[in-house]
Each structure stands twice: as C-alpha cells, then as structure tokens.
Amino acid sequence: MTFKLPLSLLLLFASLSFSAVACGSEQDLDAPPITASVLIEPEEGGGTWFKDVSVPKGTDGYELLKAAVDGNLVAEWYSEYRAHFVSSVLGVGPVGSEFWAVFIWNEDSLAWEPLPVGADLFSVKEGHIMGWALVEYNTESPELPTSIP
C-alpha cells in the first residue's frame with residue numbers, strides 16, 4: 001500500500017518524460033541541417049517560393065516560415081493552443097474573412113493538403129514543401145494554394 005503513491009508518481013514522470021521526447025519539439029543542434037521549401041501565396045495564382053530553406057533538424061512549421069521570410073511576419077502566440085496565429089506575411093494581411101492557412105504538399109497524390117495540426121506542432125522533415133495561403137473559410141469547398149511545386 002505504501003508503494004502505490006511513489007510508484008504512481010514514477011510512472012507519471014516517466015510517461016511525461018517519454019511524451020516530451022516523442023513530440024520531437026526540440027531541435028537537434030548536433031545533427032546536420034535539413035532543407036525544406038515554402039510557398040507564400042497571398043492571392044490565387046500569385047505565389048513566392050522560398051526553395052531549399054536550411055533549418056536545424058527538429059524545426060517546426062512556424063519556425064520554417066519565419067526562417068524563409070527572414071522574420072518578415074506578424075503573429076500572436078496563444079499558449080493555450082501552443083500555436084501562433086499568423087496575421088501578416090511579407091507585409092500582406094488578410095482582407096475581410098480571409099486568414100493565413102498552412103498546407104503541406106503530398107508527393108504521393110501531387111496535391112496540397114491542409115496541415116492536420118498547427119504549424120507549431122508540425123515537425124518539418126528533409127524535403128518537405130509547405131504552403132501558406134490567404135484563404136476564406138469554406139467547409140463545402142476548402143481553398144487550397146494554386147501554385148504547384
């Protein structure tokens with residue numbers, strides 16, 4: 001009976017430690033850098049490419065965006081969501097009901113897909129192609145970037 005509480009605390013600590021390591025949120029500064037590409041598309045058909053952006057292994061999607069545009073963005077951090085809300089990229093912000101959305105290029109289907117998690121929670125891998133586009137929310141016909149890598 002006296003071992004249940006210490007054992008419970010040990011298991012809790014071990015699971016939290018494993019979760020922190022499994023998330024891969026820490027950059028691996030000893031590993032060689034990776035390269036990924038970023039599309040910034042503020043209007044349909046008008047995109048700017050940042051190809052082969054070099055970042056440390058373990059970089060997240062928001063950090064990749066920030067590196068690609070050399071910090072030329074405006075974003076607000078929401079700690080409760082562990083996410084940045086991007087309001088301006090390269091001096092361009094949304095108009096009306098638009099917002100900056102983030103996408104990943106699927107090499108298998110050769111199509112853009114909405115990122116399944118927030119950019120801050122997405123671990124960028126070698127060769128990834130991410131897109132940031134100003135879109136309007138539409139559940140029936142989601143907007144996607146129009147530029148193709």
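This is a tour of a predicted model, arranged as a series of selections.

**Confidence first.** Colour the chain by pLDDT. The mean over the protein is 85, and 81% of the residues reach 70 or more. Now select residues 1-25, where the pLDDT is below 50. Apart from near neighbours in sequence, this stretch makes three contacts in the model.

**The sheet.** Next, show the strands as a cartoon and select β1, β2, β5, β6 and β7. They form an open sheet of five strands, in the order β2-β1-β7-β5-β6, and the pairing is mixed. The edges are held by β2 and β6; each has a single partner strand, so one side of each has no neighbour in the sheet. From one strand to the next the twist averages 30°.

**Strand β5.** Select residues 98-106, which make up β5. How much of this strand is buried? Seven of its nine residues are, so β5 is largely enclosed by the rest of the structure. To one partner, β7, it is joined by seven bridges, and the two strands run antiparallel. To β6 it is joined by four bridges, again in an antiparallel arrangement.

Pick F103 and look to both partners: G131 stands opposite it in β7, and P114 stands opposite it in β6. Then move to W105, whose bridge partner in β6 is W112.

**The β5-β6 turn.** Follow the chain from β5 into β6 (111-114). The two strands form a hairpin with four residues between them. Select L110 in this loop. Its phi is near 55°, a positive value in a residue other than glycine. L110 counts as exposed because its relative accessibility is 56%, where the cut-off for exposed is over 50%.

**The nonpolar cores.** Hide the cartoon and show side chains. The largest nonpolar core has 25 residues, and V38, I40, L64, L65, M130 and W132 have the most contacts inside it. The elements that contribute two or more residues to this core are β1 (34-43), β2, α2 (61-68), β4 (83-89), β5 and β7 (129-136).

Centre the view on M130. Leaving out residues up to four places away in sequence, M130 touches S37, V38 and L39, then G61 and L64, and also V102, F103 and I104.

A separate core, apart from the largest one, has eight residues, including W105, W112, I129 and V135.

Is D52 buried or exposed? D52 is exposed, because its relative accessible area is 57%.

**Last stop: W77.** Select residues 73-78, strand β3, and pick W77. With a relative accessible area of 44%, W77 is partly exposed. Beyond residues up to four places away in sequence, W77 touches R82, A83, H84 and D120. Draw a line between the C-alpha atoms of W77 and D120: the two residues are 43 apart in sequence and 10.0 Å apart in space.

Notes: Residues numbered from 1 in each chain as written. Predicted model: local features only at pLDDT ≥ 70, side-chain atom pairs only at ≥ 80, totals over all residues. Heavy atoms only, no water. Buried < 20%, exposed > 50% of the residue type's maximum accessible area, 1.4 Å probe, protein only. Contact = heavy atoms within 4.5 Å. pLDDT = per-residue confidence, 0-100. Pairing = 2+ DSSP bridges. Axes fitted to C-alpha atoms, helices over the stretch in contact; angles between N-to-C directions. Core = buried A, V, L, I, M, F, W, Y, C linked by side-chain atoms within 4.5 Å.
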